[in-house]
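Please keep the sequence and the model in view while reading.

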Amino acid sequence: MMTQPAHHADHTDKAIMPPQIPYIIANEGCERFSFYGMRNILTPFLITSLLLSMPESMRAGMAKEVFHTFVIGVYFFPLLGGWLADRFYGKYNTVFWLSLVYCCGHACLALFENNRQGFYTGLFLIALGSGGIKPLVTSFVGDQFDQSNRKLAQKVFDGFYWIINFGSFFASLLMPIFLKQFGASIAFGIPGLLMLIATIVFWSGRHQYVHVAPVAKNPHSFLNVVRTALSIQVPGQARTGYFIAILGAGLALASLFLIPGIGIVAALCLALVLVLGFGGMGAWLQLERARGFHPDEAVDGVRSVLRILVVFALVTPFWSLFDQKASTWVLQADQMTKPSWFQSAQMQALNPMLVMLLIPFNNLILYPLLKRMGVELTALRRMGLGIAFSGIAWIVVGFMQLAIDGGNALSITWQILPYALLTFGEVLVSATGLEFAYSQAPLAMKGVIMSFWNLSVTIGNLWVLLANSSVKSNAVTAQIKTTGISVTAFQMFFFAGFALLAAALFALYSRHYKMLNNYRQS
C-alpha cells in the first residue's frame, strides 16, 4: 500500500520536482547542525572537562576511544531503524519517534556536563536516535520519486548532501566558540534546540509525503533465502558454504572473549563483521540451492544484495580515514601554531565549506568537462577515486606529523591541503554512495540496504579502534620505534596505505559490477 498527495502524479514527459522535498531538506539541515554541533566539540570537551580525573597522558587516547565508540553506535543503530521501518512502522513513524529519543539525548548532554554516567547516557540516546533515523531519511527522499522523475533524484541527493554540510559548516564554526565562551551546557543545549526544530519541521510535512507501507513478513526474505541456501544438503555436493558460515560464527563468538583490550562495543562490531563476512561468502557459494524453495526473483535479489555488500565493504577504509578528522586531526591541530582566538576544532568547518563548493563545481563544471573529453565518471569510478584521494590526504598529514615530531613549528594553515584532498574524496564517495545504495537495493529492502551503507561507517571506525588498541601493546610499540618515526605518524601512514590498497581492490571489483535500476514504477 502507498499513499501520496494527489498533485504528485505526473504522466507528462517533463519531470516534476516533488513539492514535499523542502520539508525533508529543511529537517536534514537542522538535524545535521544538531549532530555535528555536538560531535565536533566532543573530543575537546572530553579532554578539557569530562576526563580531567584521568592522568593527562591518557586523556587524548581515551577521548579518541569514546569518540569512535560513539560513532560506531551512530552507524550501527541504522540496522535497527531500517528493520523497524521496513517491517513494522514505516519510515515516517520510525523517523518521528526516534527523533524524540534524539532530542532527549541532547538534553542529557546539556544537563550532565559534569556527570560521566549521565553524559554517556546522552551519547547513547543520540547514537540510537541519530543512527536509527539515518538510513530512513535518505531512503525516504528516494520514496518521493518514481520512474517518471527519477532523473531528478540525483540532483536532490546532491542537494540533500549540500544541506547536510550547510548545517555542519555553521556548527563546526560556532560550537567550539560557544563551548569556550559559554560552557558545555549552552554549547550542547543549542544543538538540542535545533534537533527539536528539525522534528517539528518534519512533522509539519506529514500530509504531503509519499508513504511507502512497511513490508509484511516475507517467507522469501533475504535472511530466509540465505538460511535455505546454507542449510539445504544436496547429495554428492560438499557443504563448503555452510562450513564457512559456521567458521564465521565460531570466530565471532571467540572475538567476544579472546581479544583483550578492545572494549565491548568494538568486540560486538567485530563479531558482526565476522558473521556478515563469512556468512555472506558461504551463502554466495550455495545460493543456487535455494531455487525451487524460493522464487527466482528472491534468489536473484539476494545475489544482488551480496554484490552490493562487497562494494560497501571496500568503502570501509575510507570511513576509517574520514572520521578521524574529528579526533586525530584535531589532536594534531593542538600541536600546531595558530591565533590565540582560534580553536583546533574549528578547522573542521573547512570540510563542509569545501563540500558546498565542490558539489556544484563537480556537477556544473568538472563532470561535464570530463564527459566532453570522453571520460565518463560512473558512480563506482567516483567512489574508487574518492577512496584513493583520502589515502593521499593522509600521506600529507603523515609528513606534517613528521615535521612536528622533528620540532618544527608548523602553522595550522598547512592542514588546508589534506582537508581539501579528503573533502574531494568525501564528495566522490559519500554523495555518490547515497544514490548508489538506494538505486541498487531491491524494492523490499530499501531501509535495510541503506542501513548496511551506514554500517560501513561503523566498520571503518572499528578499524580505528583496533589500530589504536594494537599500539597499546609494548611489542607493537617497540616494533614501530625501530622505524624511527612516532607511533602517531606511523598510524597515519598505515591508514593511508590501507585506503590506497582498498581503492585498488575497489577498481578491480567495480569493473565487473552490473548496475541496477530499482526505483519504483510511476
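This is a predicted model: local features need pLDDT of at least 70, side-chain atom pairs count only at pLDDT 80 or more; totals for chains, interfaces and linings use all residues.

1. Asn363 touches Asp158 and Pro368, leaving out residues up to four places away in sequence; contact means heavy atoms within 4.5 Å. Asn363 is found in helix H13 (residues 350-372). Helices (H or I, at least four residues) and strands (E, at least two) are DSSP runs, numbered from the N terminus. At 31% relative accessibility, Asn363 counts as partly exposed; buried means under 20% relative accessible area, exposed over 50%, and partly exposed in between (1.4 Å probe, protein chains only). The C-alpha atoms of Asn363 and Ala283 are separated by 39 Å, and these residues are 80 residues apart along the chain.

2. Residues are numbered from 1 along each chain as its sequence is written, and side-chain values use heavy atoms, with hydrogens and water left out.

3. Gly282 has its place in helix H10 (residues 263-286). Is Gly282 buried or exposed? Gly282 is buried, with a relative accessible area of 0%. Apart from its neighbours within four places in sequence, Gly282 is in contact with Leu230, Gly241 and Ile244. Between the C-alpha atoms of Gly282 and Ala187, which are 95 residues apart along the chain, the separation is 49 Å.

4. Gln20 lies in the loop between strand E1 (2-3) and H1. A relative accessible area of 0% makes Gln20 buried. Gln20 and Pro135 are 115 residues apart along the chain, and their C-alpha atoms are separated by 19 Å.

5. Helix H1 itself is largely enclosed by the rest of the structure, because 16 of its 19 residues are buried. How far apart are the end C-alpha atoms of H1? They are 26 Å apart, which agrees with the 27 Å that 19 residues should span at 1.5 Å a residue; the expected span is 1.5 Å times one less than the number of residues.

6. The axes of helix H1 (residues 21-39) and helix H3 (residues 56-76) come within 12 Å and cross at roughly 155°. Axes are lines fitted to C-alpha atoms, for helices over the stretch in contact, and angles run from 0 to 180 degrees between N-to-C directions. The crossing therefore makes H1 roughly antiparallel to H3, a term for angles over 145 degrees. Phe35, Met38 and Arg39 in H1 meet Phe67, Phe70, Val71 and Val74 in H3. By class, this contact has 6 nonpolar, no polar and 1 charged residues; Ala, Val, Leu, Ile, Met, Phe, Trp, Tyr, Cys and Pro count as nonpolar, Asp, Glu, Lys and Arg as charged, and the others, Gly among them, as polar.

7. In H3, the buried residues include Arg59, Lys64, Phe67, His68 and Phe70. The end C-alpha atoms of H3 are 31 Å apart, which agrees with the 30 Å that its 21 residues should span at 1.5 Å a residue.

8. Helix H2 (residues 42-50) and helix H5 (residues 116-143) have axes that come within 13 Å and cross at roughly 170°. H2 is therefore roughly antiparallel to H5. Leu42, Phe45, Leu46 and Leu50 of H2 make the contact with Arg116, Phe119, Tyr120 and Leu123 of H5. These residues divide into 7 nonpolar, no polar and 1 charged.

9. Pro44 also has its place in helix H2, and is partly exposed, with a relative accessible area of 23%. Pro44 and Leu179 are 135 residues apart in sequence and 9.3 Å apart in space, C-alpha to C-alpha.

10. Which residues touch the most other members of the largest nonpolar core? Of its 141 residues, they are Phe70, Phe119, Phe312, Val315 and Ile387. A nonpolar core is a set of buried Ala, Val, Leu, Ile, Met, Phe, Trp, Tyr and Cys residues joined through side-chain atoms within 4.5 Å. Helix H11 (residues 296-322) gives the most to this core, with 14 residues.

Methods. Angles under 35 degrees count as roughly parallel, over 145 as roughly antiparallel, 65 to 115 as roughly perpendicular and the rest as oblique.
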